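Please keep the sequence and the structure in view while reading.

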Amino acid sequence: MNSIFSEEFAGWPPEQTVFPVAKIDLRVLDGEHPYRVSRRDEIAANWEAEVKANPALFDGRMVFQHRLALGEDGIRGQGYVIPFSTFMYWRRQQDRTGGMHLFAYPVIETSDNALVAIRMGAHTANPGQVYFAAGSLEPEDIASGVCDLEFNMRREVLEETGLDLSHSTPGDSYYASRFRRTVTVMRLYRFDLTADEIVERIAAHMLVAEDKEIAGAVAIRSADHSAYPYNVAMLPVIDWYFGNPDKT
């Protein structure tokens, strides 16, 4: 792959723009992320404050990137499994140096050309925010030392909404955007259902779901940034979707 690992995203498209990506190759390294090693005490102190403010938080495990590169063949990365508390500390820092967060966005597209997203519950790390059903890469998404983004997206959508991505038609391409050292990798999944039908199915799933992470689902029918309390990663996606008739 013709690419060079970079701490500063040299050669990447501008922030908050959507660009095509050929493939994703994310390797998970053994050992501890250097960022966690260098800030262990600060991370512990911040986590104590986070849990005091929100006792429902859980210090699970996730993949956090150490290096990323973009080339003609796509994005490749090297990361480590870290406690969630490390990420929570990192995302509160103004410069966010020392690591990079990459996660996958399954963009749920409906038969009436809308998008369906979820609203996060009050007890979560992003209370009230609206974004596509998604989550950080976790150890169960790793196979033979490589992150499986398709598995991650299927798992997250099924857990949070009850929808099975195998019942949709996936887009031909991956796309990505970035903002403040966070990279969003997305793919379209078109269901042969209207937005209202999908929202109703998600509402029914919420009644029986073991994990009560979400507070509901919403239909997105325009790029109006004020329509919902969007997570910042949503904004370039809706701009791209509703302003690009040739997307696949």
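Predicted model: local features only at pLDDT ≥ 70, side-chain atom pairs only at ≥ 80, totals over all residues.

Asn231 belongs to the loop between strand 13 (214-220) and helix 6 (234-243).

Residues up to four places away in sequence set aside, Asn231 touches Tyr105, Gln129, Val130 and Tyr131. With Gln129 there is also a polar contact, formed between the side chains of the two residues at 2.6 Å.

In soluble globular proteins, nonpolar side chains tend to be buried together.

Which residues are in contact with Leu102, leaving aside its neighbours within four places in sequence? They are Leu26, Gln65, Leu68, Ile75, Leu137, Leu149, Val183 and Val185.

Leu26, a contact of Leu102, lies on the covered face of strand 2 (residues 24-28), together with Ile24 and Val28. The uncovered face of strand 2 holds Asp25 and Arg27. In a regular strand the side chains alternate between the two faces of the sheet.

Strand 2 runs parallel to strand 4 (residues 74-83), and five bridges join the two strands. Arg27, from the uncovered face of strand 2, has Gln78 as its bridge partner in strand 4.

## The chain as a whole

The chain contains six helices and 13 strands. Its C-alpha atoms fill a box of roughly 50 × 45 × 35 Å along the principal axes. For 248 residues, a compact globule would have a radius of gyration near 18 Å, and the chain agrees with this because its own value is 18 Å.

Buried residues account for 50% of the 248 residues. The chain exposes about 11700 Å², of which carbon and sulfur atoms supply 49%. Of the contacts between residues at least 6 apart in sequence, 71% join residues at least 24 apart.

Note on methods: Residues numbered from 1 in each chain as written. Heavy atoms only, no water. Helix = DSSP H or I, 4+ residues; strand = E, 2+ residues; numbered from the N terminus. Polar contact = N/O pair within 3.5 Å; in protein donor to acceptor, adjacent residues only side chain to side chain. Contact = heavy atoms within 4.5 Å. Buried < 20%, exposed > 50% of the residue type's maximum accessible area, 1.4 Å probe, protein only. Pairing = 2+ DSSP bridges. Rg over C-alpha atoms; globule rule 2.2 N^0.38 Å. Areas by Shrake-Rupley, 256 points an atom, 1.4 Å probe, with all protein chains shown as cover.
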